[in-house]
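Please brief me on this structure.

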Amino acid sequence: MESVIGLVNRIQKACTVLGDYGDDRSLPTLWDSLPTIVVVGGQSSGKSSVLESMVGRDFLPRGSGIVTRRPLVLQLYKTDQGQEEYAQFLHTGNKRYTDFSIVRREIKEETDRVTGKTNQISSLPINLSIYSPNVVNLTLIDLPGLTKVAVEGQPESIVREIENMVRSYVDKPNCIILAITPANQDVATSDAIKLAREVDPTGERTFGVLTKLDLMDRGTNALDVLEGRSYRLQHPWVGVVNRSQADINRNVDMLAARGREREFFATSPDYAHLASRMGSEYLAKLLSKQLEAVIKARIPGMMSLINKSIDDLEEELNHLGKPAAVDSGAQLYTILELCRAFDRIFKEHLDGGRPGGDRIYGVFDYQLPVALKKLPLDRHLSLQNVKKVVSEADGYQPHLIAPEQGYRRLIEGALNYFRGPAEASVDAVHFTLKELVRKSIGETKELKRFPTLQADIAAAAYEALERFRDDSKKTVLRMVDMESSYLTVDFFRKLPQEVEAGGNPAARTADRYTEGHFRRIASNVSSYVSMVSEMLRNNIPKAVVYCQVREAKQSLLDHFYVEVGKNEGQQLARLLDEDPVLMKRREQCGRRLELHKAARNEIDSVLWAR
């Protein structure tokens with residue numbers, strides 16, 4: 001029995017160590033699956049005395065009003081006879097307290113640290129472990145006493161706040177409710193029983209404890225309650241007799257008080273027949289037995305949850321990776337492996353394994369054609385502009401047959417417009433490649449550990465893309481300039497001749513300056529420019545892919561590899577300077593994994609012992 005409950009105590013302590021039940025995603029779930037005993041009662045109902053009787057030590061603060069202002073998670077560990085009793089707080093580390101009056105003072109001071117020296121309450125728990133040969137293995141949670149009226153210095157909301165805090169514990173199906181009720185009070189008006197009835201209507205989780213039996217009026221007794229006639233519970237009521245205020249003032253020993261309690265029940269004419277199941281010692285054993293039964297019933301579910309948590313933690317540790325190497329060779333190998341992981345993802349984006357590469361095709365299939373169609377060629381080849389350009393090209397002497405210089409100037413001027421779409425295509429692909437680099441770095445999980453290396457890879461990739469863009473821009477502009485510098489003669493040779501052999505020279509001269517003449521020139525130039533536009537529409541994407549996309553796939557980090565290879569130990573270590581958040585996460589995962597495996601081993605040992 002002790003091994004089973006000791007197991008729960010250790011698991012509960014592990015949950016608490018990792019962040020007040022909330023720092024980890026899996027352990028709080030495990031905590032929620034564990035049974036806990038919550039002590040509930042009105043103010044001055046004797047809650048503190050019951051707890052101290054079960055521990056056998058005077059260690060809780062006392063006074064009027066709300067004394068318990070924060071939840072106290074009390075874990076009891078049974079030790080071998082003859083060993084020294086001591087207490088430990090979670091917030092003070094491994095410090096041991098053998099003087100329990102100092103324990104009482106520390107509880108009060110720790111409460112005041114959070115709530116101030118007021119009557120305010122806080123839901124932040126205090127975690128206390130007590131190791132003693134005089135206890136049974138139990139975990140109990142002491143909560144502020146229920147009250148109906150706010151006293152001086154308390155807000156009116158204090159009544160509701162306390163009830164909400166208590167409900168947050170007793171609502172859980174794993175909670176065993178220890179409902180404390182004074183015997184000199186009508187059980188029907190008991191705050192603890194009223195709340196227990198609401199959250200546990202069948203009474204399966206409720207243990208009723210009747211205190212102050214020795215303070216009842218002469219000639220009266222509590223047999224109707226203790227024997228279950230006035231208010232029946234699934235579990236039998238337990239009566240206790242705690243130290244009187246006079247005993248407390250005289251510092252009567254708790255062990256002596258236990259002896260007096262046993263004597264009270266054994267010699268009482270009213271309760272002697274119930275003496276074997278009365279008293280704080282019996283209550284502790286009863287709760288321990290109940291806790292053991294609940295735990296054993298839940299061991300398979302706990303084992304399944306622990307195994308799943310272990311699998312999740314091991315998977316997360318694999319993603320986080322091992323700590324960075326300290327050897328220069330190993331560091332360089334790690335850096336190159338991380339670069340290759342990034343490069344692989346980047347190529348997947350370009351090749352279609354991941355989204356994003358299709359945006360480059362969109363530049364060629366949509367943006368470039370649209371830009372070419374929007375060029376102001378109609379204005380450039382308007383009748384007025386053609387006449388102006390041709391006339392200026394003729395100079396003082398008009399052309400004899402065809403205005404060749406006029407043609408050339410019109411074509412060169414038109415083709416000059418193609419520089420804009422060509423450059424825009426290069427810039428659009430450059431922007432897309434930069435975005436894919438950014439996404440690829442973010443998707444390379446291994447790189448998340450190393451923010452410095454992330455930044456350096458990004459900078460190197462962006463620098464390489466800038467070089468590729470410059471080369472690409474030079475290439476596409478050369479293509480435009482090539483079209484301007486040498487015209488396709490065959491195109492013009494195939495045009496209909498304006499002059500027929502043997503024609504009238506006077507008529508020819510007159511036709512040369514008519515509107516129809518300039519319209520034919522504009523039409524011919526437009527046809528030629530359209531032919532060049534179609535060629536550029538096909539060739540610009542080829543140049544861009546060759547100079548930018550292909551280079552990015554093949555040599556994006558080549559320059560970075562050369563520079564990294566020149567680095568030495570300290571510089572390599574700088575690149576592998578891990579993100580402190582991830583280092584902390586790895587450490588936490590490792591600790592949680594150890595705790596879960598320890599819990600699994602403990603449960604295994606319990607199962608084999610059954």
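The points below go topic by topic.

This is a predicted model, where local features need pLDDT of at least 70, side-chain atom pairs count only at pLDDT 80 or more, and totals for chains, interfaces and linings use all residues. Residues are numbered from 1 along each chain as its sequence is written, and side-chain values use heavy atoms, with hydrogens and water left out.

**Strand E2**
- Helices (H or I, at least four residues) and strands (E, at least two) are DSSP runs, numbered from the N terminus.
- Strand E2 spans residues 72-78. Six of its seven residues are buried (under 20% relative accessible area; exposed is over 50%, partly exposed in between; 1.4 Å probe, protein chains only), so the rest of the structure largely encloses E2.
- E2 pairs (at least two DSSP bridges) with E4 (residues 126-132) in the parallel sense, over seven bridges. Leu 74 has Leu 128 as its bridge partner in E4.
- E2 and E5 (residues 138-142) run antiparallel, joined by five bridges. Gln 75 stands opposite Thr 139.

**Salt bridges**
- The whole structure holds 36 salt bridges (a side-chain nitrogen of Lys or Arg within 4 Å of a carboxyl oxygen of Asp or Glu).
- Arg 57 and Glu 85 form one, with closest N and O atoms 2.8 Å apart. They sit 28 residues apart, in the H3-E2 and E2-E3 loops. Arg 57 is partly exposed at 30%; Glu 85 is buried at 12%.
- Lys 108 meets Asp 112 at 3.3 Å. Both lie in helix H4 (residues 100-115), about one turn apart.

**Ser 53**
- Ser 53 lies in helix H3 (residues 47-55). At 7% relative accessibility, Ser 53 is buried.
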